[in-house]
Amino acid sequence: MSQTKPVRITETILRDAHQSLIATRMSTERMLPIVEKLDQVGYHSLECWGGATFDASLRFLHEDPWDRLRKIKDKAKKTPLQMLFRGQNILGYRPYGDDVVEYFVQKSIANGIDIIRIFDCLNDLRNLETAVKASNKEKGHAQIALSYTLGDAYTMEYWTNIAKEIENMGADSICIKDMAGLLLPYKATELVTALKEAVKIPIQLHTHYTSGVASMTYMKAVEAGVDVIDCAMSPLALGTSQPATEVMVETFKGTPYDTGYDQNLLAEIADYFRPYRDECLESGLLNPKNMGVNIKTLLYQVPGGMLSNLTSQLKDLGAEDKYYEVLEEVPRVRKDFGECPLVTPSSQIVGSQAVMNVVAGERYKMVTKETKDVLSGKYGKTVKPFNPEVQKKCIGDAEVITCRPADLVPNELETLEAEMAQYKEQDEDVLSYALFPQVAVDFFKYREAQKTKMDASAADTKNGAYPV
Ligand code: CO
């Protein structure tokens with residue numbers, strides 16, 4: 001204990017915290033006044049982009065996500081900015097051509113991102129190759145995140161082997177991404193110790209408070225030598241979000257892991273966000289249900305977001321009484337699908353299929369297109385083989401892919417450029433269009449209309465300046 005090793009913190013309030021608690025609805029306008037203070041804390045990084053933020057900006061807030069990034073960068077001069085990236089799916093739901101992935105990485109870094117956290121929902125490292133290479137080329141920090149999950153296949157040997165492969169791939173650090181809050185405190189000791197022995201690159205831990213163990217897990221992970229932990233400022237912490245920044249900072253004060261962050265400064269930041277939290281509670285955007293401990297996530301090993309998706313799908317089908325049956329079906333479907341982790345998009349695919357299996361009264365009588373794609377290898381390789389009977393029932397004798405899925409996706413940037421040329425105002429627009437074609441076009445039209453409105457009002461002011 002004599003050697004000091006300050007733990008570092010990634011602040012998630014501008015990304016995961018509001019994605020987890022208030023459906024990613026925090027606007028750029030809300031963020032900007034506090035960015036300079038956040039920049040003064042001395043965080044390891046400020047997670048502020050990627051994940052669902054891109055989609056939500058365009059779709060619900062009518063904001064250009066690229067513009068948000070540039071504005072944050074403008075005010076955060078010292079702290080590295082971090083984003084979350086879904087491997088070959090970028091921020092979308094399908095594998096993209098390598099040229100789109102490379103261009104997205106290039107533009108993210110050019111607009112202000114320093115650290116790119118890249119993950120794949122099956123932990124198939126082939127789906128991360130292009131993004132990692134592109135980050136290396138653009139001199140960004142490429143962090144590979146392992147989607148943490150439980151199951152027979154996920155032994156310590158599995159985690160340490162994959163960590164070594166990640167280091168060899170040229171990643172700059174590794175993140176244990178525990179999206180469901182399944183990593184228990186003493187397991188964290190074991191896992192972090194094993195990973196620290198296996199690789200030289202830094203290890204970061206990302207978890208959610210959903211199951212109630214997260215702060216204890218961080219404490220054990222820090223004692224075992226984890227380098228960075230992900231926390232959220234208290235007004236948007238706990239529940240389905242991360243442990244609170246101030247609490248973790250205070251916990252390690254005066255120990256060899258002392259962050260050295262200024263609690264007074266953190267208090268000022270919390271003061272800024274607290275009225276916003278109240279506002280969100282009042283409008284119903286922040287549901288108090290998401291704030292408590294959800295022990296079902298430990299029992300059924302499904303992420304909090306997936307539980308609420310299942311509830312709403314069953315409600316739509318008028319089959320709410322089937323909730324527990326579906327929860328029990330989820331692990332069975334997951335097993336049929338090669339025991340994959342449950343994270344976007346595999347969580348949605350497994351969840352929807354479990355609902356269908358229960359509602360139809362016969363397993364795999366009805367199957368989604370995505371289920372067929374998973375079982376044809378189009379999302380990549382799973383840790384265990386698919387259940388051959390289920391595979392046969394769902395896809396028959398259709399061809400099964402064993403290569404890197406993106407090898408079958410041709411380069412597509414040129415086609416995309418041609419399709420959206422009439423809306424283009426900046427190079428980045430083609431990337432917004434690539435990810436969410438319809439939503440991006442709606443946004444481009446909105447942007448155009450706003451400009452026309454502004455021009456008109458500027459003309460009015462000008463006329464008004466002269467007495468008639
Ligand atoms: Co998260």
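## Basis

In this predicted model, local features need pLDDT of at least 70 and side-chain atom pairs count only at pLDDT 80 or more, while totals for chains, interfaces and linings use all residues. Residues are numbered from 1 along each chain as its sequence is written, and side-chain values use heavy atoms, with hydrogens and water left out.

Strand β7 spans residues 203-207, and five of its five residues are buried (under 20% relative accessible area, 1.4 Å probe, protein chains only). Ile203, Leu205 and Thr207 lie on one side, Gln204 and His206 on the other. Helices (H or I, at least four residues) and strands (E, at least two) are DSSP runs, numbered from the N terminus.

β7 pairs in the parallel sense with β6 (residues 173-178) over five bridges and with β8 (residues 228-231) over two bridges; pairing requires at least two DSSP bridges between the strands. Lysine 177 stands opposite histidine 206. The path from β6 to β7 runs through helix α8 (residues 185-198) as a right-handed β-α-β crossover (clockwise from the first strand over the helix to the second, with the strands pointing away from the viewer). β7, helix α9 (residues 214-223) and β8 also form a right-handed β-α-β unit.

## Cobalt site

Asp16 (OD), His206 (NE2) and His208 (NE2) coordinate the cobalt ion at 2.0 to 2.1 Å. Donors are N, O and S atoms within 2.8 Å of the metal (3.2 Å for Na, K and Ca); water is not among the atoms, so sites may look incomplete.

Aspartate 16 belongs to helix α1 (residues 16-21) and histidine 208 to the loop between β7 and α9, so the pair ties together parts 192 residues apart in sequence. Aspartate 16 is buried at 5% relative accessibility, and histidine 208 is buried at 7%.

Terms used: Buried < 20%, exposed > 50% of the residue type's maximum accessible area, 1.4 Å probe, protein only.
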